[in-house]
Amino acid sequence: MRNSKNNLDPSARLVVVLALLLALAWSAVVVIHPFFIGHLELKLTDAIVATAPNVPISDQVVVVEIDEQSLATWGQWPWPRTRLACLLEKLKALGAKSIALDFIMAEPDRTGRPTASPGGANGTSACASEVMVRETPDGPTDNDAVLAATLATGPFVLGYGFDFGGHAPPSSACHLPALEIINIRHPALEVGGIHFYEAKGIICNIPQLAVNAPYAGFLNGQPDGDGLLRRLPLIITYNGTCYPNLALAALLATQPHEPLTIWQRQGEQNRLVFGPHTIPIDENGNLLIHFTKNQPRLHHFPATQVLADQLSARAVRGRIVLVGLSAIGLTPVYQTPQDSHVTAVDVHAQAVETILSGSTIRRYAGIVYAEILLALLVAGLYGLCIARLEFLPTILTGAAGLLVLGIGTHVLFISRRILVLPLLPAAVIISGGLFLMLFKYWTRQRKASQQLRNALVLIKNNERHLNAIIQTIPDIVFRLDESGRITFISPAITKYQKAPETLIGRHILDLVNPEDKAAAAFRINERRTGPRATRDMELRLLLSLDGDAKACGGRYFSISAEGIYTPSQADKPLFAGTQGIAKDIDERKHLERRLERSKKMEAIGSLAAGVAHDLNNILSGLVSYPELLLLDLAADNPMRSKIETIQRSGQRAADIVQDLLMIARRGVKDHLVINLNHIVSSYLDTPECKRLLEKHADIRITTELADDLINIRGSHLHILKMIMNLVGNAVEAMPAGGTITLTTFNRYLDMEVDRYERIVEGEYVILQIVDEGVGIAAEDLHRIFEPFYSKKRMGHSGSGLGMTVVWNTLKDHGGFVDIHSREGDGTRFDVYLPATREEIGKPAERIVLQDYTGCETLLVVDDVPEQRDIAVRMLGKLGYRVTAADSGEAAVDYLRTQSVDLLVLDMVMPPGMDGLATYQKILEIRPAQRAIIASGYAPSDRVKAMQVLGAGGYLRKPYTLEKIGLAVRQELDRQ
């Protein structure tokens, strides 16, 4: 053991010392005994007692209850004293060993006036007097004398009460049999002993009864601090004289000549001894009563059964009988640890039963000191465990200790009825385990922290300076490990909706556009340094200012990177990773492409305008004269086929001239209100489309045209030519055949989007052409609109100007294009044409269906004036009373003073509150406010969140009269 101790380091020894000090501190708290310690001890006592098996009852105690049945049969309480005398006489006649009354008769009887004389005066029994009372209710009587005479004849015990507040009447009116006690005290017991409760007053029976009763006992109970009754005082002193409890008096009545002795010995529990009974009591003379939840019930009989001679002598003979009230409202009710409704007579009966059955609870005076010694022993052993063991074994050891304590106290109580509380050692284990383990690991970490602190100070200073520099750099600074995974990235990444911590650990190539990965695979995770390192490498990273990088293919960045090497033991440095910087050049690349395309188109347009002007003069003869010549030639003239060839060639050249004029932006600008569905349908009926399908029999053209398509302003002829060129290119891209799908629909953009080109916000009609062809290579995608840039095979038609005509037609109509294509996966063209709310031809008054109309009050909330005005006008035409607000904040302010039946709420309203935030604010003011949601985007999580809050349907922009009217009406009619 000495060697083990020497093996402990100073910190471990300190742990053991602290454990002992903690045990001493807890011991001092237990000795001082504050309220919470007393409360915990009571709860532990209840737990230990509750787990003990029930002791068989002695079968020597009987309770006679004056219950509701007795009161219903014999009248309300108080009963005439003659009736009580009759009850006591019958119990005595049945052979009761002693009879104790658990109530006080402090006032004379005023309940009856029988003419017969009291039983004590003329020899008539109390039960006979009770019969005479019922038969002759007139005349004076003294019922108390009848009861007094009965009490004088038997082993009866009257109950009385002590007062500890000084409010009881003087004691001169009471006659109480005093208790003679022989106190045997051990000589070594110089201090301590028993300190009985000292009463200040008394509430007793009337003198006429008290004088005649041979025994009397007080009824006082002593609930603990938590209001539960666990103990009864067996002896209380009053004016220097000792008096017994009712339960003790009932037992004394069975042993009238036995002396009462109190034994006090050092380290042992005080004992009250008389006859065969040994009763352990505490320092205040209290008896701990063994209340258990499922204990065998004592014998209970209603008083009416005794008065009606229905109780057999076998149930009472030789037993102690307690008579008391059990009717609700007539007796105090006590709460015990296992039962919340125990009457006073049951408490005293259980006290008598506890003494007779020997189920008394023993807790010696020296047990507290034994618990303190046990706590010190536990503290030393557990402190040694904490010092030597790691976290998990220490926890398991503490849990085992708690288990042993619980089992030990349980076994000791069951076998010897000795109550030992494991509170103190358990508190040492729990608090010591927590505090000392924290202290142990704190001291361990303190040593390690002390060693790192000086180094960290220097590192943090350098890091602070470096971070200050990095924070000012607008470009993205990054660092990679040897495998290419990100170990550091500067806060500049947050501009692209990425948190730096979310990218740590990801491979750098995960951020590179798949089409650029091959070029970036070795150069972005650079190993070279110096002049040979990567400088200004341009590639696309999957980063976007709006967070949707994959939709647009990312942004262009200029990457500069070099390898990082650390010294090694060998001569060759060890590669540790890559560091670099990424500069956003996306805007510059867009401007370069626009400038390049603008210059190219400007030069080609000037050329095309000059060429077209000259060719028009030349082609007049080639187109017109062959037609004149054909009129003069016979049908069988051999020259006719040659002239027709010339005519077709001239017409072909004329078509090319028209394309050149379109390229030169000098086409006819007869922009009228038209509907794109009509143009698509008319194209399918053109001879060119039919010849195309006849020539390519393995190709099908399908359409999906929106019924609610909004009109556009433009040239029917030029848009038809654009569709013809796009479909022709799609056919050329499908040598194996397939399906071409033409789709039209409406779309509203709340903000500018960056796709194939930048598309400004607004309301559009979209023509979507999807083929199943070979697709377009990435390197060709941005050149397809250049004149004469064609990938068509030899022998196929095509001048190389078709896509240029498409581009110029779009720009002439203020439109945009978005292209999605990949080699082998087909191509999709999305043509954006600005929508108009004008009607085709002369506007005719629209006939609105009755189902869409209404007269309710609506509030339209939209930040775009045009969209707001369109919604207000449409709903106004349907009969609604419409008000508009240009922001979520304005709508909230309006609804503070006004009310509406329905909100038409835009979802995206930058830079203020969006639809969800606005609706949440409005619900605080108008909890039942109805609303529908309007947006140009697909339904998002925030739209679903609004619908969870109570919003109705989702209305996609742009509006049509039928769509907005139906959405409003359905929400207003929704239950």
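E763 is buried (under 20% relative accessible area; exposed is over 50%, partly exposed in between, with a 1.4 Å probe and protein chains only), at a relative accessible area of 12%. A salt bridge here is a side-chain nitrogen of Lys or Arg within 4 Å of a carboxyl oxygen of Asp or Glu. E763 sits in strand 30 (residues 762-771), and R837 in the loop between strand 32 (827-836) and strand 33; the two are 74 residues apart. Helices (H or I, at least four residues) and strands (E, at least two) are DSSP runs, numbered from the N terminus.

The model is predicted: local features need pLDDT of at least 70, side-chain atom pairs count only at pLDDT 80 or more, and totals for chains, interfaces and linings use all residues. Residues are numbered from 1 along each chain as its sequence is written, and side-chain values use heavy atoms, with hydrogens and water left out.

The structure holds 26 salt bridges. One of them joins D914 and R942, with the closest N and O atoms 2.6 Å apart. D914 lies in the loop between strand 35 (902-906) and helix 27 (915-925), while R942 belongs to helix 28 (residues 941-949), 28 residues away. D914 is buried at 18%; R942 is partly exposed at 39%. E538 and R588 also pair, at 3.1 Å between the closest N and O atoms. E538 is in strand 21 (residues 534-541) and R588 in helix 19 (residues 586-632), so this pair ties together parts 50 residues apart in sequence. E538 is partly exposed at 39%, and R588 is partly exposed at 40%. A network of salt bridges links R555, D584, D586, E587, D754 and R758.

Three strands form an open, mixed sheet in the order 5-9-10. Strand 5 (197-198) and strand 10 (241-244) are at the edges with a single partner strand each, so one side of each has no neighbour in the sheet. Pairing requires at least two DSSP bridges between two strands. Strand 9 (residues 235-238) runs antiparallel to strand 10 over four bridges. I235 has P244 as its bridge partner in strand 10.

Mean pLDDT (the predictor's confidence in each residue, from 0 to 100) is 81, and 83% of residues reach 70 or more. Where pLDDT is low, the predicted coordinates should not be read in detail.
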